[in-house]
Amino acid sequence: MSNVHVFDHPLIQHKLSFIRDVNTSSKDFRQLTNEVGMLMGYELTRDLPLEDVEVVTPVEKTTCKRLSGKKIVFVPILRAGLGMVDGLMALLPAARVGHVGLYRDPETLQPHEYFVKIPNEPEKRQFIVVDPMLATGGSAIAAIDSLKQRGVTDIKFMCLIAAPEGVEALQNAHPDVDIFIAGFDSHLNDHGYIVPGLGDAGDRIFGTK
C-alpha cells in the first residue's frame, strides 16, 4: 500500500480516541475533528515545494523559504467533510475551498451526486478531498470522478477512519491518488459501517440522527 499513509502521531491518536468515544458530545466531537484535521493537514503538506525569497529583517537582508508551486484547494465531501475544513483553513488560510455534495442510497449504499463547485483553472491546483470516513469507498471514488471530469489532475484524499474495503476500492479506482488516514480499522459490518469506527460522522458533527 505504497500510496496509503497512516498517521501515528501521538496527538492525532490521542484525539482520535475521544472522537471514537460514544460519550463525546457533538460540541467536543466538532472541535476534535477540526483539531485532528489540522494535525493531519500539517503532516500531509510535508512535501509542499518551497522557493527562496529575499526578506529584510530588522537586522539585515536574508534569504528565507516560502511555499511555491500549485495552490491548494480543500474539497469536503458534504456534509460530514465540512467538519474538518476549519482546522485545515487555520493551517492554510490562503487555500480555496470547493464542495462535492453526495448522498448514499440506504438500500444500495451507492453514492449520488447533487452538487459540485470548485475554483477556476483546476489543472493548476492541488486538490485535497476531505471526508471523515472511508467505508465502502463509494463516496470518495464518486467525488474524485467528479473532480477529474472537471479537469483536476492533482488529488489527495484525507480521512479520519478507513476500512480495508474502502482503501482497496479507492486504490483500484484511482491508483494515482494518495490516501491519508488517522485510523485504519478492521472491516465493514453488514450495514456498511466501519468497525470499530466512530458511528455516523455527519450525525455526530451536526447533532442529528
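Biologist: Which residues lie nearest the centre of the second largest pocket?

Modeller: This is a predicted model. The second largest pocket has a volume of about 250 Å³, and its lining comprises seven nonpolar, two polar and four charged residues. Of the 13 residues that line this pocket, those nearest its centre are L67, K70, K71, I72 and A94.

Biologist: Which residues are the closest to the centre of the largest pocket?

Modeller: The largest pocket has a volume of about 660 Å³. Its lining draws at least two residues from each of several elements, including β4, β9 and α6. Among the 30 lining residues, the closest to the centre are R104, D131, M133, S139 and D200.

Biologist: Does I194 count as buried or exposed?

Modeller: I194 lies in strand β13. Beyond its neighbours within four places in sequence, I194 is in contact with several residues, among them M133, I161 and H187. Its relative accessibility is 7%, and because buried means under 20%, I194 counts as buried.

Biologist: What does G199 count as at 34% relative accessibility?

Modeller: G199 is placed in the loop between β13 and α6. Leaving out residues up to four places away in sequence, G199 touches M133 and Y193. Because 34% falls between the cut-offs of 20% and 50%, G199 counts as partly exposed.

Notes
Residues are numbered from 1 along each chain as its sequence is written. This is a predicted model: local features need pLDDT of at least 70, side-chain atom pairs count only at pLDDT 80 or more; totals for chains, interfaces and linings use all residues. Side-chain values use heavy atoms; hydrogens and water are left out. Helices (H or I, at least four residues) and strands (E, at least two) are DSSP runs, numbered from the N terminus. Buried means under 20% relative accessible area, exposed over 50%, partly exposed in between (1.4 Å probe, protein chains only). Contact means heavy atoms within 4.5 Å. On a 1 Å grid over the protein atoms alone, a cavity is a set of points where a 1.4 Å probe fits but cannot get out, and a pocket is an open set with protein on both sides within 12 Å along at least five of seven lines; lining residues have an atom within 4 Å of a point. Grid points are joined across faces, edges and corners, and a volume is the space filled by probe spheres set on the points. Ala, Val, Leu, Ile, Met, Phe, Trp, Tyr, Cys and Pro count as nonpolar, Asp, Glu, Lys and Arg as charged, and the others, Gly among them, as polar.
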